[in-house]
Amino acid sequence: MKREELIRPLEGEMIEKLARLVKHNSERGEAGPGMPFGPGPAACLKEALQIFEEEGFKTTNVDNYCGYAEMGEGTDIIGIVSHLDIVPAGEGWDTDPFTVTRKDDGRIYGRGVSDDKGSVIASLYAMKIVRDMGVPMKKRVRMLMGCNEESGSECMAYYNAHCEPITTGFTPDGDFPGIHGEKGMVALNAYSKNTRIISMNGGIVKNAVCTRCTTVIPRGDLCPECLRKALSETALTSFEVTADDDTITIEAVGKSAHAAGPLKGINAAGCTMQALEAAGFEDDFVKFYNSHIGITCDGAGLGIKCEDEYGVLTLNNGIVRTEDGVISCTLDIRRPVTITEEQIREWIAPYLEDENGRIEIEAIGPTLFYPLDSPLVSRLYQAYVDATGDTEHKPMVIGGGTYAKSIPGIIAFGCQFQDGNNHIHDANESLVVEEFLLQVDIYVQAILNLLED
Ligand SMILES: [Zn+2]
């Protein structure tokens, strides 16, 4: 495509339109009448639909859960699924997060410029360019904008329940050159039966490695020095052991990492359990933890260690809590894309309970997988290659989940480029202007490829 001639002249108006979306603080607020996610997302959706109408697209507001703009004819719908809600701006910004600010580093700054309001505007311009080319459209192209991606994707559940299904398409809420597989989430909770541990508490969220953990045990005949030695032989980044006449308290610090890559972190609870056993602390739940969960992050202790050509199963203990003398541990497992729910249930069954502890299955979520040579993946990847000339990066399989999982028929495709860092969800979120233009180029080609029979 002639990017220089066709897209570069649009740069100014693209940024102006993006500013109209960014100025709305569309973080989730208190629900009101007709506003399931509060006034911010509703106002931003109204503005977005207005922008599409000004450009001549038909629009529909789906009860402020989401909305869409459309072009073309026919029964098939190519969906471009983006979202208008944001995570709270937070502290630490150098500029006003709700004013799009261009700096001379070639970037624009503001909450949502990258995740995911910029993609709405890039997709708008891609749709306009395709429409103005006058290519016959025997399928519809629908820009679908959700208002609740950041806190549960209820917007897409509502769309799925009330609106025409998307036939195929993509969400620009992930990475280029596309994510053709997303591992399946398996959520478990482990519980102690009998334990001498007085309390063990650590971790903040299920989907991150438990980085800090405080454990109190009876002093008994355990020598604090032996415990210190055992802790020093773990991977912990630091620890502290304090003792009084009756108890020993262990403060353990590991290293943070996302649950999808738990081996990149160091689990403070796991290392503490390892050290307690090494120091000779006899306890049923310590035994259970070390034999069933441990620190290998591969599910071996639960009989579910496995891998396929796209990746390994991972296991993460995120939160440890003690309530009424019972210790509970959350386990966030990511199962490889070709391993079925039935396989997991069958393999894990013998490991769910013994005399020392038990495990409950909270949920087993779906995987998302399209083969590399499927029409969807190959057409999108071809669009990326044609626009960028990059054949080095390939569509990937990830352990995390994207918006694509909340609506059937699509994969994540952009808008982040490999090796970039747009500080999504952080202070000073930004978007490289040149990449903003490149997105339009890629999405024009993607729409054209998907329009083909
Ligand atoms: Zn997003």
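**Notebook: helix α10 and its surroundings**

I began at the end of helix α10, where the residue that follows is Gly-389, with a positive phi near 75 degrees. I note at the outset that the model is a predicted one.

**Entry 1: the helix.** I looked up the length of α10, which comprises the 14 residues 375–388. At 1.5 Å a residue these should span 20 Å, and I found the end C-alpha atoms 20 Å apart, so expectation and model agree.

I then asked which residues of α10 are buried. They are Leu-376, Val-377, Arg-379, Leu-380, Tyr-381, Ala-383, Tyr-384 and Ala-387. I recall that an α-helix has 3.6 residues a turn, so residues three or four places apart point the same way.

Next I asked against which elements the buried residues of α10 pack.

**Entry 2: a sheet.** I traced an open sheet of 3 strands, ordered β4-β5-β25, with antiparallel pairing. Its edges are β4 (101–102) and β25 (430–432); each has a single partner strand, so one side of each is left without a neighbour in the sheet.

I examined the pairing of β5 (residues 107–109) with β25, which is antiparallel and runs over 3 bridges. Within that pairing, I noted that Ile-108 has Leu-431 of β25 as its bridge partner.

**Entry 3: the domains.** I consulted the division of the protein and found domain 1 given as 3–182 + 369–451, and domain 2 as 184–364. I recorded a separation of 38 Å between the C-alpha centres of the two domains. To their contact, domain 1 gives 7 residues and domain 2 gives 9 residues. On the domain 1 side of this contact I listed 3 nonpolar and 4 polar residues, and no charged residues.

**Entry 4: the whole protein.** I recorded 11 helices and 25 strands in the protein. I compared its radius of gyration, 25 Å, with the 22 Å that the globule rule gives for 453 residues; the values are close, so the protein is as compact as a globular protein of that length. I also noted that the C-alpha trace spans about 80 × 45 × 45 Å along the principal axes.

I asked what share of the 453 residues is buried. The figure is 47%. Finally, I looked at contacts between residues at least 6 apart in sequence, and found that 74% of them join residues at least 24 apart.

Terms used: Residues numbered from 1 in each chain as written. Predicted model: local features only at pLDDT ≥ 70, side-chain atom pairs only at ≥ 80, totals over all residues. Helix = DSSP H or I, 4+ residues; strand = E, 2+ residues; numbered from the N terminus. Expected span 1.5 Å × (residues − 1). Buried ≥ 20, exposed ≤ 12 C-beta atoms within 10 Å, placed from the backbone. Contact = placed C-beta atoms within 7 Å. Domains from an automatic or database assignment. Nonpolar A, V, L, I, M, F, W, Y, C, P; charged D, E, K, R; others polar. Rg over C-alpha atoms; globule rule 2.2 N^0.38 Å. Pairing = 2+ DSSP bridges.
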